[in-house]
Amino acid sequence: MTEKTIYELSQPGRRGVAFPESDVPTADLPDNFARHSLNLPELSELDVIRHFTNISKLNYSIDGGFYPLGSCTMKYNPKINEAAARIPGFAHTHPLQPIVSVQGNLYVMYQLQEWMQALSGFHRVCLTPAAGAQGELVGALIIKKYHDVNQNHKRVKILIPDSAHGTNPATSSMSGFEVVSLPSDDRGNVDLEALKAECDDTLAGLMLTNPNTLGLFDENVEEVINMVHEAGGLVYGDGANLNALLGIIRPGDVGFDIMHFNLHKTFSTPHGGGGPGSGPVGVSEYLAEYLPSPIVTVIEEGDEETPPFFGFYHPENSIGRMKTFYGHFGVILRAYTYIAMHGAKGLRNIGEKAVLNANYLMAKVKEDYVLPYDRTCMHEFVVEGAWDDVPDVHALDISKRLMDYGFHPPTNYFPLIVHEALMIEPTETESKQTLDAFADAMKAIAKEARENPELLQKAPFTTPLRRCDEVKAARDLVLCCWIPED
Ligand SMILES: *Cc1c(COP(=O)(O)O)cnc(C)c1O
């Protein structure tokens with residue numbers, strides 16, 4: 001690392017502030033009340049500003065450059081969302097305040113529930129799940145409880161296509177289901193024969209990521225849903241990547257029973273780095289009483305003079321609480337602002353432009369990279385990051401080299417059904433110039449792979465840290481690189 005730690009920059013006696021002479025008498029404290037040496041770094045104000053500004057620039061960010069990390073929908077997060085989240089009347093509320101004092105917050109939550117219902121075609125939406133994966137867990141627990149209530153104890157099996165997001169099998173097995181993987185056919189759809197073979201009376205349900213992790217919309221989605229329903233199973237839709245569908249289709253209308261949405265992808269709230277997310281869950285009418293509580297509801301209808309009075313509702317067969325209090329309100333507020341700013345037409349335009357951008361970029365990238373499923377894509381596409389004629393170059397090398405060209409790498413080695421996968425999602429917020437520049441970099445790298453493969457294998461050259469041991473970095477996390485001496 002080129003940056004020194006703040007302790008290494010410290011100079012004895014250097015100060016950032018000068019306090020005035022004390023105008024009150026000093027008091028003697030017992031010796032054991034205060035430490036004599038605090039071992040704090042000593043720096044000027046300028047030293048501190050430079051230090052933090054410099055380290056903030058070591059991180060790559062969506063505000064700093066193109067971030068085509070597939071499945072993560074790294075779109076621009078409008079700054080007006082941040083302004084809304086910082087309005088003191090919202091930012092300073094406490095979850096234990098009496099509801100009469102937080103009617104504005106409840107209005108925002110109620111309206112977002114209504115909007116999510118209108119957008120998705122589901123009967124009721126619960127905002128509490130803390131992230132997409134927790135929304136999935138809610139869905140799997142609802143499927144389980146539904147079969148339990150109906151005395152269907154034999155239904156222990158959840159089907160998951162091999163093109164699903166990795167969290168789908170994880171949340172299903174955490175809920176106590178037996179996970180059965182379904183193969184994809186040669187167009188990247190669920191293999192209908194394999195599905196048919198699993199449709200028996202042990203079937204609890206199917207979890208379908210659609211569009212799937214290949215960026216493809218399942219062409220037989222209605223048939224898939226009907227087959228599962230006829231066998232007595234429920235269909236969970238992983239709606240983390242709703243971006244391509246916004247204003248175009250409503251999953252509830254197609255027959256999905258349950259689905260989660262990632263506010264921190266489609267609805268532009270910042271994500272990454274482990275910050276708070278939000279994964280609201282929508283359900284069909286017959287499952288409304290299974291949702292986690294609480295759900296915001298109108299307790300007293302308003303009229304021309306008085307606004308409605310909002311409160312909470314606890315569904316009768318609820319799977320229980322998933323989260324303390326009411327979910328991540330700051331994220332809910334940002335998504336509310338985003339939807340309010342765009343309106344119905346604007347949201348549809350987002351869906352259309354996300355798909356257009358992905359197809360434009362795919363058409364350019366496939367000139368130099370193998371595209372295993374050559375179909376119109378949705379919000380993203382997956383190419384192979386390897387070529388038969390350069391066996392020593394891998395997807396990881398291409399990704400590392402992209403960093404030298406100033407781009408964040410795509411998602412690597414996922415989905416598992418594509419050899420050396422590079423999963424690329426441009427989102428609607430990128431301009432044609434940015435997409436062209438990225439496509440040019442991909443082209444230049446394909447050329448370098450043949451002319452100078454070492455360049456790729458040794459990349460990156462321009463980043464603060466060169467190639468690191470990623471397994472060690474993840475397993476052996478060192479969060480403090482400087483340990484004080486005493
Ligand atoms: C991101 C994502 C998830 C998980 O969402 P988190 O908020 O990260 O838990 C699930 N499914 C798909 C398809 C995703 O892209």
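This is a predicted model: local features need pLDDT of at least 70, side-chain atom pairs count only at pLDDT 80 or more; totals for chains, interfaces and linings use all residues.

A: A salt bridge here is a side-chain nitrogen of Lys or Arg within 4 Å of a carboxyl oxygen of Asp or Glu.

Asp404 and Arg401 form one of them, with the closest N and O atoms 2.8 Å apart. Both residues belong to helix H12 and are three residues apart, about one turn of the helix. Buried means under 20% relative accessible area, so Asp404, at 18%, counts as buried. Arg401 has a relative accessible area of 11% and is therefore buried as well. Salt bridges with shared partners also join Glu82, Arg86 and Arg334 into one network.

Arg450 and Asp389 meet through their side chains in a salt bridge of 2.7 Å, N to O. This pair links distant parts of the chain, 61 residues apart: Arg450 is in helix H13 (residues 432-451), while Asp389 is in the loop between strand E10 (381-384) and helix H12 (395-404). Arg450 is partly exposed, at a relative accessible area of 39%.

Glu42 and Arg15 make a further salt bridge, their closest N and O atoms being 3.1 Å apart. The two residues are 27 residues apart, and each lies in the loop between helix H1 (6-9) and helix H2 (45-56). Glu42 is partly exposed at 24% relative accessibility, whereas Arg15 is exposed, with a relative accessible area of 54%.

Technical notes. Residues are numbered from 1 along each chain as its sequence is written. Side-chain values use heavy atoms; hydrogens and water are left out. Helices (H or I, at least four residues) and strands (E, at least two) are DSSP runs, numbered from the N terminus. Buried means under 20% relative accessible area, exposed over 50%, partly exposed in between (1.4 Å probe, protein chains only).
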